[in-house]
Amino acid sequence: MLLDLNKLHGQREHLERTFEPAAFDPQDIEYRVAAPVELTVDVQKLGSDAFGVTGRVKARLEVVCSRCLEPFEVPVDTEFDLRYVPQAANAGEGEREIGEDDLATAFYREGMLDLIDLMREQFVLALPMKPLCVEDCRGLCAVCGTNLNKGQCECTPRWEDPRLAALKSLLPRVKEN
């Protein structure tokens, strides 16, 4: 959904919208939107072409556990406070140090703010770096691939580092002494 920043009524606008999961691209690799998304946004004109955008997004995202590869849902309830400037303001002036304000600056194009992109960005920021279905997820067996959360397998994973073979040959002699 595009928000036309040129048609703001006054200096401030408040929006509350609910988006169905179908509004989001199903090709997102990191997650899938599993339930309707609630968005509350306040847009305030900061200058001739800058806008302050604050709000909150609530959603349930389906992600894949990084250990057992099973899908599970993660609740997202995050607030944001961003400053939007026109895309043309990003002229690529070379290298410079990033300031604190730069971390909360985003860009809009042709007077339009894409709310779907704003929410996608918040989803990615809210996701854990290593999603786990449960904190003590046991993962998959390295030999047969059985999900160790659901049951045991008959494998006895025993890998020996060939670089340590010379040291292993000394082990029986040490036990004899």
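Here is a friendly set of questions and answers about this predicted model.

Reader: What percentage of the residues in the protein chain are buried?
Author: A residue counts as buried when its relative accessible area is under 20%. The protein chain has 177 residues, and the buried share of them is 30%.

Reader: Which residues have the most contacts inside the largest nonpolar core?
Author: This core has 36 residues. Elements that give it two or more residues are β2 (12-19), β4 (37-45), β5 (51-64), β6, β7 and α1. Inside the core, the residues with the most contacts are V37, M119 and F123.

Reader: Let's follow one of those. Which residues is F123 in contact with, leaving aside its neighbours within four places in sequence?
Author: F123 is among the residues with the most contacts inside the largest nonpolar core. With those sequence neighbours left aside, its contacts are F24, Y31, V33, V37, V57, A59, L61 and V76.

Reader: Now for the largest pocket. Which residues lie closest to its centre?
Author: About 440 Å³ of space lies in this pocket. It is lined by 20 residues, and the closest to the centre are Y84, A106, F107, D117 and E121.

Reader: Which element gives the most to the lining of the largest pocket?
Author: The elements that give two or more residues are β6 (71-86), β7 (105-108), β8 (112-114) and α1 (115-126). With five residues, the element that gives the most is α1.

Reader: How many residues of that lining are nonpolar?
Author: The lining of the largest pocket includes three polar residues and five charged ones. The nonpolar residues number 12.

Reader: Is N147 buried or exposed?
Author: N147 sits in the loop between α1 and α2 (165-176). Leaving aside neighbours within four places in sequence, N147 is in contact with C68, E70, G139 and L140. The cut-off for buried is under 20% relative accessible area. Because N147 has a relative accessible area of 10%, it is buried.

Reader: And E154, is that residue buried or exposed?
Author: E154 is also found in the loop between α1 and α2. A residue needs over 50% relative accessible area to count as exposed. Since the relative accessibility of E154 is 79%, this residue is exposed.

Reader: How many Å apart in space are E154 and C141?
Author: In sequence, these two are 13 residues apart. From C-alpha to C-alpha, the distance in space is 9.8 Å.

Reader: What is the phi of L69 near?
Author: Most residues other than glycine have a negative phi. L69, in the loop between β5 and β6, counts as exposed at 54% relative accessibility. Its phi is positive although the residue is not glycine, with a value near 65°.

Reader: What is the phi of E110, about?
Author: E110 lies in the loop between β7 and β8. It is exposed, with a relative accessible area of 77%. E110 is not a glycine, yet its phi is positive, at about 55°.

Definitions and conventions: Residues are numbered from 1 along each chain as its sequence is written. This is a predicted model: local features need pLDDT of at least 70, side-chain atom pairs count only at pLDDT 80 or more; totals for chains, interfaces and linings use all residues. Side-chain values use heavy atoms; hydrogens and water are left out. On a 1 Å grid over the protein atoms alone, a cavity is a set of points where a 1.4 Å probe fits but cannot get out, and a pocket is an open set with protein on both sides within 12 Å along at least five of seven lines; lining residues have an atom within 4 Å of a point. Grid points are joined across faces, edges and corners, and a volume is the space filled by probe spheres set on the points. Helices (H or I, at least four residues) and strands (E, at least two) are DSSP runs, numbered from the N terminus. Ala, Val, Leu, Ile, Met, Phe, Trp, Tyr, Cys and Pro count as nonpolar, Asp, Glu, Lys and Arg as charged, and the others, Gly among them, as polar. Buried means under 20% relative accessible area, exposed over 50%, partly exposed in between (1.4 Å probe, protein chains only). A nonpolar core is a set of buried Ala, Val, Leu, Ile, Met, Phe, Trp, Tyr and Cys residues joined through side-chain atoms within 4.5 Å. Contact means heavy atoms within 4.5 Å.
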